[in-house]
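Here are my notes for a colleague who is meeting this one for the first time. Have a look at it, then read the points in order.

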Amino acid sequence: DISLYLDNTGNASILVDDIDNGSTDNCSITDRFLDKVDFTCADVGNVPVTLTVTDGSGNSDACMATVTVIDTISPVITCPADLTLPAATGSCDTALVDLGTPIVSDACGIASTVNNAPALFPIDTTLVVWTTTDINGNASTCTQQIIVIDDQDPVITCPADVSVSNDTDSCNAVVAGLIAVATDNCDALG
């Protein structure tokens, strides 16, 4: 019995010597034959293989071995492009409609591709991790950056105009109670 690892194309092969542990005959062996030598993704798991040995007189004997076909090659994933977006009007975050689609491939097939994107992206850089898993449980990840910027100016409300007279014997006047109010989509400035 042997273990056989698929290559990155999803294929692998064995030779008679991989299975034959020293077949003998009292005269001579003229032929050794395996009923299966090439394996693909469809063979992942335990595959019975029959070795048949024939001598010069035409006598033959056969035995069975198990070839355990294993896929350890991770899928390939390329993330969508990084995105830079403005915050939603009057908000300090944004709900993203379309992150894009990663490019994924695997010789044996893809079972799933998921990401950890939040429903709302705050102002700053959010790292979105994409994970793709093949049909044999091998996984790969990539990271996409979503950058949300605050491009909205703050709003200031000035107090109403006032008219005052200067203080007696002075060129100045003290004015009290004038307060400007400022607001921003992300911070109250008061």
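1. Start with the rings. Rings of Phe, Tyr and Trp (its six-membered ring) pair if their centres lie within 6.5 Å, with planes under 30 degrees apart called stacked, over 60 edge-to-face and the rest tilted. How many aromatic pairs come out by this rule? The count is zero.

2. A word on ground rules. The model is predicted, so to speak of local features takes a pLDDT of at least 70 and side-chain atom pairs count only at pLDDT 80 or more, while totals for chains, interfaces and linings use all residues. Residues are numbered from 1 along each chain as its sequence is written, and side-chain values use heavy atoms, with hydrogens and water left out.

3. Now the overall build. The protein chain has 16 strands and one helix, both being DSSP runs numbered from the N terminus (helices H or I, at least four residues; strands E, at least two). Its radius of gyration is 37 Å, well over the 16 Å that the globule rule gives for 190 residues, so the chain is more spread out than a compact globule. That radius is taken over C-alpha atoms, and the rule is 2.2 Å times the number of residues to the power 0.38. The C-alpha atoms fill a box of roughly 135 × 25 × 20 Å along the principal axes.

4. What share of the 190 residues is buried? It is 26%, where buried means under 20% relative accessible area, exposed over 50%, and partly exposed in between (1.4 Å probe, protein chains only).

5. Asn-172 is exposed, at 54% relative accessible area. Leaving out residues up to four places away in sequence, Asn-172 touches Asn-166 and Asp-167 (contact means heavy atoms within 4.5 Å). From Asn-172 to Val-37 is 135 residues in sequence and 102 Å in space, C-alpha to C-alpha.

6. Most residues other than glycine have a negative phi. Asp-169, in that loop between strand 15 and strand 16, has a positive phi of about 55° and is exposed at 82%. Asp-124, in strand 13 (residues 124–134), has a positive phi of about 140° and is exposed at 51%.
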